[in-house]
Each structure stands twice: as C-alpha cells, then as structure tokens.
Amino acid sequence: MDLIRALAIGALFGIGLYQILRRNVIRVAIGLVVLSNAINLFLLSVGAYEGLVEAYAKAVGQRSDALPQALILTAIVISMGGFAFVLALIYVLSARYRTSDNDEVTGLSH
Amino acid sequence: MNDLLPALPMLIPLAGAAVAVLLRGNFALQRAWAFAVMLAAFAISARNLWVVWQTGQPLVFQMGAWAAPFGITIAVDLLSAFFAFMAQLVFVFGFLYALGAKDKAVRHNTFYPLFLTLATGLTGGLITGDIFNLFVMAELMVISAVVLTAISDDKYGAEAAYKYFLISSVATFTLLFGIGGLYASYGTLNMADLAERIAAAPDRPLLAASVVFLAVTFAIKSAAVPFHFWQPDFHTASPTPVSAMLSSVVVKLGVYGYIRLSTLLAPQATWLQPALIVAGVIGVVFGGLGALGTHNVKRMFAYSTLAQIGFIFVGIGWGTPAALAAAVLFTFNHALIKSAMLMLSGYLASRAPIKTAAFSVVRGTGKYAPLAGVVFFLGCMALAGLPPTNGFISKLALFQSGILAAHDRTIESTVQLWLPLLLIGVSGILTVVYSFRALMRIWWEPFEPRSPEEKVKPHGDSLLAPAGLVALCLILGLWGQPLLDLVQDVGAWVVQPERYIASIALLR
C-alpha cells in the first residue's frame, strides 16, 4: 500500500510538473491542480504524528492524527482560490494577446 | 487585552480590510479609514519593538488560547519585531504615496482592502511562530499582490500578474513539501518546538529534503538568484505603491526566512551558508550588470534589488553576530531607500507624456521636476552607499563584519570570505554607475518631444512619501547610533536560538 501511494505521489508530481512546463496556458493551469493534489496526497500519506499513527484511521476505535487533514483542507481551499484566479487571468490574457501559447505572452520583454 | 498586543499588527489590518470592503461605496472615507488603520497597526508594532528591546523578553500570544505547541503561536522576538516594524513603517509611506497617486488603479474600490491584506500577509508571516501559518500568510500576501498588479494601469499588468502567480505557485508547493516533510519527521509545526526536536534528533531522513525545499521557497520569495527572473517584469507593470512595497519589504520575507532557517531551524545544515554566499555574490554581480542594461527606470531598480538582496545574503552566509547584525541593518536601510526610489520612478512616470518609466519617454523630463531631482540625487547616494546617508553605514557595517570575521578567524576559508568581499566591493561600484546614469539621463539631458503636442504634465503623484523616506535615510545616516545599537542586539539575539525556544516553553 505504501509503495502504491509513493508511486501515485511521484506520478502526480511528474505529470503536474510536465504540464506546468508546457506552452499551452490551459495545460499550465491543469498542471497547477495536479501538483496541488500531489502535495495533498503527500501530506496525507506521510502526515503521521512522528511516523507512528497514520492520518487516516484503519480500525474502529483507532484515533488518527487530525492535523494533516486540517492542513490538506486549508491547502485545498487556498489552491481552489488560486486556480479560479489563474483561470480568470488566462481568460484576460487570451482575450488580450489572442493566443493560448505561453511563449507569445511576451509584452513585457520588449 | 494586553495579551493580544503581539498579534495586533497582523489583526488590525485584517479587520480593517474587511471594514474597508464595506466602505467601498464611499471612496474618500475608505481611503481615510485604510490609512488610519495602517497608522494604528504601525504604532502597535513600534510599541512591540520597544517593549521587546527594553525587556529582552519576547512577546507571545496563543490564538484561541490553545496551548503551545498545538495552537497557532504568535511569537514576537527582537528579529520578528524589528522586521514587522520595518515592514509597517514602509507600508505607512506606501499608503501615503497611494493617497497622492493619480493612477486609475489606486481609485479602484478594491485597492485599499487589498493593500491592507498585503500588509496583513507580510506582517503575519514575519511574526508567526507556526510554520504552517507562515504558508497561509505568504499565500494571502501573494494573492493580494497579484490582484493589485492585475488591476494596474499598465496594459501589461495581467501578464506580469500571471507570471508572478505561476512562480509563486511553485513556491507554494515547495513550501508545503518542506512543511509536510518536517511534520512527518518531527510531528510538530511550532517553530520553537521544531527547532528543539531537530536539535535533539538531526538525523531524520526527510530533514535534509525539507530544508532544501524551504530554501528554494525563500529564494523565490526574495527573488534571489536563480529565481529572480519574475521580478523585473513584475515591478515594471505593477502600480507604483505596490511595486514600491514589493521591491522593498515583501522580498524581505525571504530574508527573514533565511535568517530563521540558518540560525533556528537548521543550524546543522552546513551547506546552506556557503550556498547563500554564492547566490548573494552572483546576485550582486548579475543584478548590477542587469541594471546597467535596462531601458526602464523601474526595471533598473528591480535589478538593483537583486543586487542589494545579494549583499544581505552574503551577510547571512557569514553568520557571525556582527555579520547578521549588518545584514539586518542592510535590510532595513534597503527597504527605506528602494521604496523611495521606486516611488520616484512612479512619480516620473506620472509626469511623463505617456505613463511609463521607460528611459526613452522620461529622458529630459526632470527639467520640469527640480524638487524630485534633489530627492532622487540623495536617494542615489543612499543606494550607492555614499556618506552621509544610511546606505553608507549599512555597507560599512557589512564590510567591517567580514574583516572582523577574518581577524577573529571565525571564518577560515578564503573562498568564503575574501573572494566574496572583493567581488561585492567591486560590484558595489556598479550601483554608482547605473543610479547616477539614470539621474543624468532624466535631469541633465534635454527634453525632446517626439511630436509637438507631447508635453510634460504639470502635476503628478505626490512627492511627500519619497521625500519623507529619503529624509529618514539622511537622518539615519547622520544619527545612526540608536539603530546600530538595536541591530547589534538583534544580531546577538538571533545567534541564541535558545532564547526563542524558551519563550514558547512558557506557554506549555
């Protein structure tokens, strides 16, 4: 199970990083979402109090560490706001520059 | 009520921003309210600094009365108090500039609430004793700054905001990875508690990776080499009050993070200090050369910030009490000087025929703004580190601390000491070249309108804020002893992390 989670985090991180480096603005936005989910999964899997009690209870009556859940909740809220805002920015940019290519959004460099 | 005082510099602007949103229908009332709120917050952070300095005891506050290390801690030790005081002092002048600015962005009814949340995020990040709260505050700061830039008058505002937001998102992810790694290894988020547990068991597997992630985050926040590329674009396009705050105090959150990282959280990470020296020296050289090659006054000062942050990094990298004190002093003086210089470039842009600070447009316009020329000249002297300004004192203190470290043999390696000292000494001259070249282009060359109807506007933004800041630079240059005493105490305080840790132990 640990191995599957580790592989999933790695895969999500890789996909997110790859998409964020693409030229299409929509892919960049999707990359941001995938990356933030990679981090949420990372926080949930490793976020055990001193590596002892996991952040999710497996058996009835077992107490789990509530703090990683609080962290993830905060991170989800913040990344949702950021994602909505970046979509709005992309809308403005694509209307103003008539392009969906990051490399053509270069008004400031000349 | 008295217990709440350490948190008030953060809570007052936050509550004030909420009220300012409600006042959006009445613009005059809204901006008066925002300025009053900022003044009140500044008064309390000044009082906090004074109390902490005089008593030698940190001020601590637990959010919601949850005991440490479980609740969110606000811990104001001398370093935090000093940085918060610096940030809010510059913000007061930023508000003053915004009140007298002619930008359309400043008249937007969301400008003042966002400016207040920007101040909240920065102050909160500086005074919090909880590393996850640092993340929340940094996010608040980034979002406010991005939105303020997106509503800029400059037609490239949205582009600059997009670039800044993407790079800041990367910083968010690295910060969260660092926090997650630290929590997994040590089971706490309280910075003092964390420092204690790291010192007790410095061999947990995720520690090294977490420190790297945190170091990358702070490099992006302080726009240091190799993460500086967003800064020139961003500062060229954002509204003047915002770019003045970002280039002077918001980048100092990264500086603060490095001081905390290298003295409190990870003093055993021996690679960090040489890395800071390397990044600092590259920043000084590259920033100076970059500033020489620019075609826009604001862009020039953005590159100049890269160079000045480099000086501070070299001081933190040396790590002796004197060098840390010099770095802190440099931080304070640079905040005053750089905000004044960016406000002056904004003033020039507001007077120019087309609203931009490009050299091709503002060249020669200085003839119609003699008073601004005097202020700009004094600011250039402070930036280049010439007496009798505070820039001279901070550069002197930095070089002195380096030579002192060589004399006491606290730093043995030549590569770490003499080479950086030589390189930053030589590149410091670049500051003189680019700042006085800008002065000559704007004030000494003739004004040549490209068409007959192009005229310099008779009125621009108010000069009150930059003049006040430059006056402060002069006063601190002529009468700098109290500030020097203060930063020496800060330097002595940061090399004793046990004093910070003990303050949280009281709350358990």
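This note walks through a predicted model with chains A and B, point by point.

1. First, some ground rules. Residues are numbered from 1 along each chain as its sequence is written, while chains are lettered from A and ligands numbered from 1 in the order in which they are written. Because the model is predicted, local features need pLDDT of at least 70 and side-chain atom pairs count only at pLDDT 80 or more, whereas totals for chains, interfaces and linings use all residues; side-chain values use heavy atoms, leaving out hydrogens and water.

2. Let us start with chain A. Its pattern along the sequence is α-α-α, with three helices and zero strands (helices are DSSP runs of H or I with at least four residues, strands are E runs of at least two, and numbering goes from the N terminus). Of its 110 residues, 36% are buried, where buried means under 20% relative accessible area, exposed means over 50%, and partly exposed is in between, using a 1.4 Å probe and protein chains only.

3. A residue to look at in chain A is A:Arg98, in the segment after helix 3 (67-97). A:Arg98 has a positive phi of about 55° although it is not a glycine. Most residues other than glycine have a negative phi. A:Arg98 is exposed, because its relative accessible area is 73%.

4. Now to chain B, which has 22 helices and two strands. Its radius of gyration is 22 Å, close to the 23 Å that the globule rule gives for 508 residues, so chain B is as compact as a globular protein of that length. (The radius is taken over C-alpha atoms, and the rule is 2.2 Å times the number of residues to the power 0.38.) The C-alpha trace of chain B spans about 75 × 55 × 40 Å along its principal axes, and 65% of its residues count as buried.

5. Helix 8 of chain B covers residues 191-200, and its buried residues include B:Met191, B:Leu194 and B:Ile198.

6. Two buried loop residues are worth a visit. B:Ser152 sits between helix 6 (131-150) and helix 7 (157-186), and B:Ser152 counts as buried because its relative accessibility is 14%. The B:Ser152 side chain reaches the backbone oxygen of B:Ala237 at 2.7 Å. B:Ala369 lies between helix 16 (359-362) and helix 17 (370-384), and has a relative accessible area of 5%, so B:Ala369 is buried too. Leaving aside neighbours within four places in sequence, B:Ala369 is in contact with B:Tyr347, B:Arg351 and B:Trp443 (contact means heavy atoms within 4.5 Å).

7. A cis peptide bond, with omega about 0°, joins B:Val225 and B:Pro226. Phi of B:Ala223 is near 50°, a positive value in a residue other than glycine, and B:Ala223 is buried, with a relative accessible area of 0%.

8. Finally, look at the peptide bond from B:Pro387 to B:Pro388, which is cis with omega near 5°. B:Pro388 is in the loop between helix 17 and helix 18 (390-407) of chain B.

Terms used:
Polar contact = N/O pair within 3.5 Å; in protein donor to acceptor, adjacent residues only side chain to side chain.
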